[in-house]
Amino acid sequence: MSQPIPTMNSDWISFILLITNALACDQRNCVTLSLCPPLQRYVTNPITNYTLSSVERLICGVDEEVRVCCDQMAIANLEKESKPFYKNTKTCGSQDPIYEFPWMVGFVAYGWSLCSGALLNERYVLTSASCISQKESLNLFTILLGDLNLKNNSCNQTNSASEECLQVKSLSIEEAIPHPLFNGTFNNVGLIRLNESVVFTEYIQPICLPNATSNWTAVNSMYTSGFIIHFDPKTEREKFKRNTTIILKSLDTCKEWYKRLGHTITLNELNFCSIDKDETPLAFVNTFVDHGAPVVTFHNNQWYAEGIVSLAVDVADRQRPIVHTNVSYYLDWIHSNMKD
């Protein structure tokens, strides 16, 4: 289900710390994150408590841009704590010719998929921080893997033995791990640890993580999938898992579109934007999307989770851009938060 536009965290302590950081930072050094490449890795991958507290002190503004105090001495201290980037080595990103996107995970409550995610291994799911940041609501979610059709409620019955239901795995969340510096569209990435390990089948498979140097912009096609893509109230097709092709749009185009609606969002190189590819002239205008769903590409005979659906507003506009988190910037953080 689509969610409201994320806003700046209203916690007064965080606000006061942010103001204090801005005042303490020499304004000549308070620059946009893109102008301080050495700090970018630590803003997205605070893998130790020392790194997290140090980076928090160096963030001097979050609005349309993320601004940081580009303190070379502080960055040098962070580099002493650095670790090598995570590299994908496990088998992943394969699918049966008939059953598409077997890594898709539905966060289901009241018969609806309210958020989505992508299975990374036997225990962890990649999703958006906005889907899991409200801890008190997490016990409402049933985590479904291997499902095709949420309308088939008989899968909830203990004695159900239909072919589809035999493939469905229903789990719960043992631990939710939103990015510690999540703020609206900034660092909107998270993990959940499942309450038990899953066994891979043709219906349940993990997705690959990209490399830090992944050149996915050269890939011909990118896709998103979920249970409420192309929501059509007449046929209730929102309950069937499907995918759609997307077209990349510039961040400037994305910003301007949201500004026209009166929204200010943080966008930089940690994000990318897209619109749905209009497959047919009479295609239903998409108004809902699965937040937390992966944006995937296929290359080198494997599927990769290149992005996460982070923000979309419920507007029936074929040119409505959807904001994604660029996964390649978060590999260290993702890897360091998976226990086994």
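# Bridges, bonds and a sheet

Colleague: What is the handedness of the disulfide of Cys 254 and Cys 273?
Modeller: This is a predicted model. The torsion about the S-S bond of Cys 254 and Cys 273 is about -75 degrees. The disulfide is therefore left-handed.

Colleague: Is Cys 254 buried or exposed?
Modeller: The cut-off for buried is under 20% relative accessible area. Cys 254 has 0% relative accessibility, so it counts as buried.

Colleague: How many disulfides does a search of the whole structure find?
Modeller: Cys 36 and Cys 70 form one, with sulfur atoms 2.1 Å apart. Cys 115 and Cys 131 form another. The search of the whole structure gives a total of five.

Colleague: Which parts does the pair of Cys 36 and Cys 70 tie together?
Modeller: Cys 36 and Cys 70 are both buried. Their S-S torsion is about 85 degrees, so this disulfide is right-handed. The two cysteines are 34 residues apart in sequence, so the pair ties together the loop between E1 and H2 and the loop between E3 and H4.

Colleague: What is the handedness of the disulfide of Cys 115 and Cys 131?
Modeller: Both cysteines are buried. The torsion about their S-S bond is about -90 degrees, so the disulfide is left-handed.

Colleague: In what order do the three strands of the open sheet run?
Modeller: The pairing is antiparallel. E2 and E3, for one, pair over three bridges. Strand E1 (30-32) and E2 each have a single partner strand, so they stand at the edges. The order is E1-E3-E2.

Colleague: What angle does the direction of H3 make with that of E2?
Modeller: The buried residues of helix H3 (residues 49-58) include Leu 52, Val 55 and Leu 58. Those buried residues pack against E2 and E3, among other elements. H3 packs on the sheet, and its direction makes with that of E2 an angle of about 65 degrees.

Colleague: How many residues apart are the parts that Glu 64 and Lys 259 tie together?
Modeller: The two side chains meet in a salt bridge, 3.5 Å from N to O. Glu 64 lies in the loop between strand E2 (59-62) and strand E3 (66-69), and Lys 259 in helix H7 (residues 251-260), so the parts tied together have a sequence separation of 195 residues.

Colleague: Is Lys 339 buried or exposed?
Modeller: Lys 339 forms a salt bridge with Glu 175, the closest N and O atoms being 3.2 Å apart. Lys 339 is in the segment after helix H8 (331-336), and Glu 175 is in strand E9 (residues 173-178). The cut-off for exposed is over 50%. At 58% relative accessibility, Lys 339 is therefore exposed.

Colleague: How many salt bridges does a search of the whole structure find?
Modeller: One of them joins Glu 196 and Lys 169 at 3.3 Å, N to O. Arg 123, Glu 174 and Arg 193 are linked in a network of salt bridges. Searching the whole structure brings the total to eight.

Methods. Residues numbered from 1 in each chain as written. Predicted model: local features only at pLDDT ≥ 70, side-chain atom pairs only at ≥ 80, totals over all residues. Heavy atoms only, no water. Salt bridge = Lys/Arg side-chain N within 4 Å of Asp/Glu carboxyl O. Helix = DSSP H or I, 4+ residues; strand = E, 2+ residues; numbered from the N terminus. Buried < 20%, exposed > 50% of the residue type's maximum accessible area, 1.4 Å probe, protein only. Contact = heavy atoms within 4.5 Å. Pairing = 2+ DSSP bridges. Axes fitted to C-alpha atoms, helices over the stretch in contact; angles between N-to-C directions. Disulfide = S-S within 2.5 Å.
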